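Reader: Could you walk me through how to read the ligand sites and strands of a model like this?
Author: Gladly; let us look at it together.

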Amino acid sequence: MSDNIVDTFYARQQAHGAKPAIVWNGAVVCTFAELPDHVGRYRAALAQLGVTRGERVMVKTENSPAFVFTYLAVLASGAIFVPMNAAYTAAEVELLVEDADPVLLIHADKTAVPPAGTDRTARATLNGDGSGSLTDLATSLSPDLAVEPMAANDLAAILFTSGTTGRPKGAMLTHGNLGSNVAALFETWQFSSDDVILHCLPLFHAHGLFVALHLGLFSAATLRMLPKFDAAKVIAQLGEASVFMGVPTFYTRLLESADFTRDATAGIRLFISGSAPLLPSVFAAFEARTGHRILERYGMTETVMITSNPYAQAGRIPGSVGYPLPGVSVRIVGADRSELPAGEVGEIEMQGPNLCAGYWRRAEATAESFYPDGFFRTGDTGFKDETGRVTIAGRSKDLIISGGYNVYPAEIEMLLAEVPGVQDVAVFGVPHPDFGEAVMAAITTEGTAFEMAAMDALIAEKLARFKQPKTVHVLDEFPRNAMGKILKNVLRDTYKGSFAK
Ligand code: MLC
Ligand code: AMP
């Protein structure tokens with residue numbers, strides 16, 4: 001057996017052939033014995049569309065069982081899976097296509113993508129209901145059940161995340177990264193084939209793909225999937241599941257429903273939160289309502305999961321992200337990269353078999369964050385206590401996390417600066433009761449050319465909805481430090497009450 005993670009999944013599912021693998025909107029789609037057949041048909045279709053080992057396949061579509069089959073088929077082909085947010089605009093997709101240089105772009109019929117013929121990339125369609133030209137082709141072919149042998153350091157996926165420059169960078173994840181991480185989570189969170197995971201996270205991000213989906217496939221645990229998070233649908237299905245995971249917004253929204261009760265959650269053994277900070281007040285309200293202590297963990301696209309609170313209920317401490325996963329090391333360092341004593345806040349660095357192989361075709365960006373000693377600069381700040389437990393204090397990177405989606409101010413600032421009459425721009429996050437943080441912008445103008453309508457039009461054309469500033473404030477001047485740098489902390493403070501409940 002090779003290190004192709006699909007081989008690992010299939011081997012671990014073998015003894016559980018009769019068990020439902022995927023349940024979609026309440027109906028069984030396939031058992032574990034039937035799964036390779038579905039994947040094999042998509043693999044055969046991909047081969048007809050020119051997909052071979054090492055080529056990139058980009059996907060821009062909503063969750064569906066066909067998304068899962070396509071994902072596994074890409075990996076089984078030895079190709080590299082490159083998902084993106086289904087909400088991206090054509091301009092955002094174009095940048096990623098240029099960078100990833102995929103042989104095939106699979107997208108929903110009614111979604112924004114650059115027109116075919118503008119690049120070397122072939123097109124196939126796949127919609128949220130599973131229909132599309134890819135599925136038509138797959139169902140017309142016999143399954144190709146072969147799984148391409150891959151080594152642990154061969155690439156499985158590239159997930160785009162951004163940085164200080166505003167241009168997205170592709171984190172190159174290997175089969176070894178993904179395999180080691182899911183094994184560590186399986187052990188830490190005590191998964192078994194008796195579990196049923198209620199899955200409603202987007203499959204195009206690390207959380208939904210490498211944590212929720214992988215844990216089901218690795219544990220041979222049934223994945224009860226929903227197209228997206230919907231509090232009422234989640235509450236209706238909780239009785240059929242044993243594990244639920246999500247971003248903090250899921251938990252705040254569940255708590256808003258009177259139907260979310262101790263009884264509704266009685267069958268769940270584990271609620272997990274991550275991707276953004278879980279407020280201690282939400283942790284406390286959740287415990288008071290349900291009796292469950294949410295287990296918070298910390299991760300990144302580049303590293304998959306890094307730390308987790310312990311499984312034992314009493315060990316789940318609000319505000320802390322717990323201990324490094326088995327095989328992972330975390331260091332807290334000062335400006336000179338020397339390790340700081342317990343209790344002192346510094347930059348969080350990590351090392352482990354889960355750390356990705358660098359940024360796709362970005363040697364300079366890779367060198368900035370991946371040190372020769374094997375440690376990676378997370379851009380988060382925090383401290384450890386005497387026992388090694390990690391608490392995140394903030395971020396040294398300029399990043400807004402809105403409803404679990406990352407928004408990079410630099411990307412939006414660059415765009416807003418293009419509007420005629422704009423002099424200076426600052427994009428920053430303010431507290432938001434539903435999304436945790438909301439995107440805000442402030443500008444100063446010069447001359448008479450500036451028109452808000454022109455700015456609104458550019459934002460609508462170029463930016464996915466979740467990145468769009470909720471408000472653009474026009475200021476007379478920016479608060480600045482002695483060096484002339486805009487003080488975003490002052491702006492955050494000025495506008496912090498904008499969404500107060
Ligand atoms: C949707 N909208 C958002 C938004 N999601 N705006 C800001 N932030 C978001 N996250 C917009 C919609 O476009 C819409 O705009 C309006 O908000 C209301 O939409 P909605 O119907 O209420 O939103 P919904 O579709 O319910 O989506 C909210 C959500 C979703 C929380 C369910 O954002 C979500 O699934 N988030 C999970 C993200 C995630 O998986 N992150 C993991 C990254 S991996 P309008 O104006 O049209 O009304 C990672 C590593 C790790 O970080 O550690 O896990
Ligand atoms: P992404 O680039 O989408 O992978 O986002 C990774 C970032 O999300 C991390 O660097 C953290 O800033 C943040 N993050 C993930 N999990 C947590 C958590 N439990 N608490 C606070 N921040 C988190």
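Predicted model: local features only at pLDDT ≥ 70, side-chain atom pairs only at ≥ 80, totals over all residues.

Author: Residues are numbered from 1 along each chain as its sequence is written, chains are lettered from A and ligands numbered from 1 in the order in which they are written, and side-chain values use heavy atoms, with hydrogens and water left out.

Reader: Which residues are the closest to ligand 2?

Author: A residue counts as near a molecule if one of its heavy atoms lies within 4 Å of it. For ligand 2 that gives 18 residues, and the closest are Arg-297, Thr-301, Asp-380, Lys-397 and Asn-406. By class the shell has 8 nonpolar, 5 polar and 5 charged residues. Here Ala, Val, Leu, Ile, Met, Phe, Trp, Tyr, Cys and Pro count as nonpolar, Asp, Glu, Lys and Arg as charged, and the others, Gly among them, as polar.

Reader: Which side chain has an N or O atom 2.6 Å from an oxygen atom of ligand 2?

Author: A polar contact is a pair of N or O atoms within 3.5 Å. The side chain of Lys-397 makes the one you ask about, at 2.6 Å from a ligand oxygen. Nitrogen atoms of ligand 2 take part too: a polar side-chain atom of Glu-296 lies 2.9 Å from one, and a backbone N or O atom of Ser-275 lies 3.2 Å from a nitrogen. As for cover, the protein hides 92% of the 500 Å² of accessible area that ligand 2 has on its own (Shrake-Rupley method, 1.4 Å probe).

Reader: Which element gives the largest share of the shell around ligand 2?

Author: Elements are DSSP runs, with helices being H or I of at least four residues and strands E of at least two, numbered from the N terminus. Strand S13 gives the largest share, 5 residues.

Reader: And how many residues surround ligand 1?

Author: There are 24, the closest being Lys-228, Ser-275, Arg-297, Ser-402 and Arg-465. At least two residues of this shell come from each of helix H7 (206-219), helix H9 (248-255) and S13. A polar side-chain atom of Ser-402 lies 2.5 Å from a nitrogen of ligand 1, and a polar backbone atom of Gly-404 is 2.9 Å from a nitrogen of this ligand.

Reader: In which sense do S13 and S14 pair?

Author: Two strands pair if DSSP finds at least two bridges between them. S13 and S14 pair in the antiparallel sense over 4 bridges, and a hairpin joins them through 3 residues. Across this pair, Arg-297 stands opposite Ser-308 in S14. All 5 of the 5 residues of S14 (residues 304-308) are buried, meaning under 20% relative accessible area with a 1.4 Å probe and protein chains only.

Reader: Why is one side of S22 and of S24 left without a neighbour in the sheet?

Author: The open sheet has 3 strands in the order S22-S23-S24, with mixed pairing. Strand S22 (422-432) and strand S24 (471-474) stand at its edges with a single partner strand each, so one side of each has no neighbour in the sheet. S23 (residues 436-445) pairs with S24 in the parallel sense over 4 bridges, and there Met-440 stands opposite Thr-471.

Definitions and conventions
Polar contact = N/O pair within 3.5 Å; in protein donor to acceptor, adjacent residues only side chain to side chain. Buried < 20%, exposed > 50% of the residue type's maximum accessible area, 1.4 Å probe, protein only.
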